[in-house]
Amino acid sequence: MTLNCMIVDDEPLAASLLEGYVKNTSFLQLGGTYNSAVDALRHIKEERPHLVFLDIQMPELSGTEFAKIIPPETKIIFTTAFNQYAIDGYKVNAIDYLLKPISYENFLASVTRAEQIIKNDMHHNAVNNDRFIYVKSEYKLIQIKFDDILFIEGEKDYVKFYLENEEKPIQSLMNMKKLESMLPKNEFMRIHRSYIIRLSKVKMIDRMKFVIGDRSLPISESYKNEVQQYMNYHTMG
């Protein structure tokens, strides 16, 4: 995919260097270079670039202030001559922090990481909006709707999807961790190395076990705190 990007830097030489790097990188397309964060704001909300190379120290509006008010889907790579601002970058969830003078090697490593993060976000958003996934099972692609899932069981390199109104689970060669990252976090919870549950399908919690249908699923020690927080939030009396 091609990432649309912007450069926001009040230093002309630094901005020019980044422009050259962007032009030399096949998956980047430059949408504009701005010497003022205020000027950039007028365009960023309309053009919604995937990525912004953002200086931290600028007049009128600092990079960290700018980062807090741009659309959340636009990712940020901070560029600065002062390494003491690194912590500020992470406070606003910047993808990376490039220290000037920036080498092309470091630039390329940073934008390659950004590309992967943006791809993953787009994939995750698309899956959440559609509310289903396709899984490979016995040489077929089977559609599984989120609303039909009771729970998911991991077994070595395979996962089993237990669905409402289905006698047998659907088995697929899949990684549990990757699957967990694709599911809506407000609807599904990992409670054990081997189990992900659909929260709305829980009939009761009995002695730290989730009862779904006719199955009683254990909660492992490593997920106990997260489960306890969920229970505390939803328990009355």
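**Entry 1: ground rules.** Before checking a helix length I needed two definitions. Helices (H or I, at least four residues) and strands (E, at least two) are DSSP runs, numbered from the N terminus. I also noted that this is a predicted model, where local features need pLDDT of at least 70, side-chain atom pairs count only at pLDDT 80 or more, and totals for chains, interfaces and linings use all residues. Residues are numbered from 1 along each chain as its sequence is written, and side-chain values use heavy atoms, with hydrogens and water left out.

Next I asked: which residues of α1 are buried? They are A14, A15, L18, Y21 and V22. Buried means under 20% relative accessible area, exposed over 50%, and partly exposed in between (1.4 Å probe, protein chains only). Looking down the axis of α1, I found these buried residues within an arc of 120°, so they line one face of the helix. The arc is that of the directions from the helix axis to the C-beta atoms. On the other side of α1, I noted P12, L13 and K23 as exposed.

**Entry 2: helix α2.** I repeated this for α2, residues 37–47, where the buried residues are A37, A40, L41 and I44. They fall within an arc of 110° seen down the axis of α2, so they line one face as well. The face turned away from that buried side carries R42 and E46, which are exposed. What covers the buried residues of α2? The cover includes β1 (3–8), β2 (28–34), β3 and α3.

**Entry 3: aromatic rings.** I looked up how many aromatic pairs there are, and the structure holds eight. Rings of Phe, Tyr and Trp (its six-membered ring) pair if their centres lie within 6.5 Å; planes under 30 degrees apart count as stacked, over 60 as edge-to-face and the rest as tilted.

One of the pairs is F132 with Y134, which is edge-to-face, at 5.5 Å centre to centre and 85° between the planes. F132 is partly exposed at 25% relative accessible area, and Y134 is partly exposed too, at 49%.

Then I turned to F151 and Y162, whose ring centres are 4.4 Å apart with planes at 15°, so this pair is stacked. It links distant parts of the chain: F151 sits in β8 (residues 149–155) and Y162 in β9 (residues 158–163), eleven residues apart. F151 is buried at 2% relative accessibility, and Y162 counts as buried at 17%.

Y162 has another neighbour to jot down: R215 lies over its face, 5.5 Å from the ring centre. For that, NZ of Lys or CZ of Arg must be within 6 Å of the ring centre and within 35 degrees of the ring normal. I also found one aromatic cluster made of Y21, F53, Y104 and F107; Y21 is one of the buried residues of α1.

**Entry 4: loops.** Where is P101? It lies in the loop between β5 (96–99) and α5 (104–130), and the peptide bond from K100 to P101 is cis, with omega near -5°.

I then looked at two non-glycine residues with positive phi. E138 has phi near 50°; it is found in the loop between β6 (132–137) and β7 (140–145) and is exposed at 67%. K156 has phi near 60°, lies in the loop between β8 and β9, and is exposed at 86%.

Q57 and T79 are 22 residues apart in sequence and 9.2 Å apart in space, C-alpha to C-alpha.

**Entry 5: the whole chain.** To finish, I stepped back. I noted seven helices and 15 strands. Along its principal axes the C-alpha trace spans about 65 × 50 × 30 Å. Of the 237 residues, 45% count as buried.

Conventions: Contact = heavy atoms within 4.5 Å.
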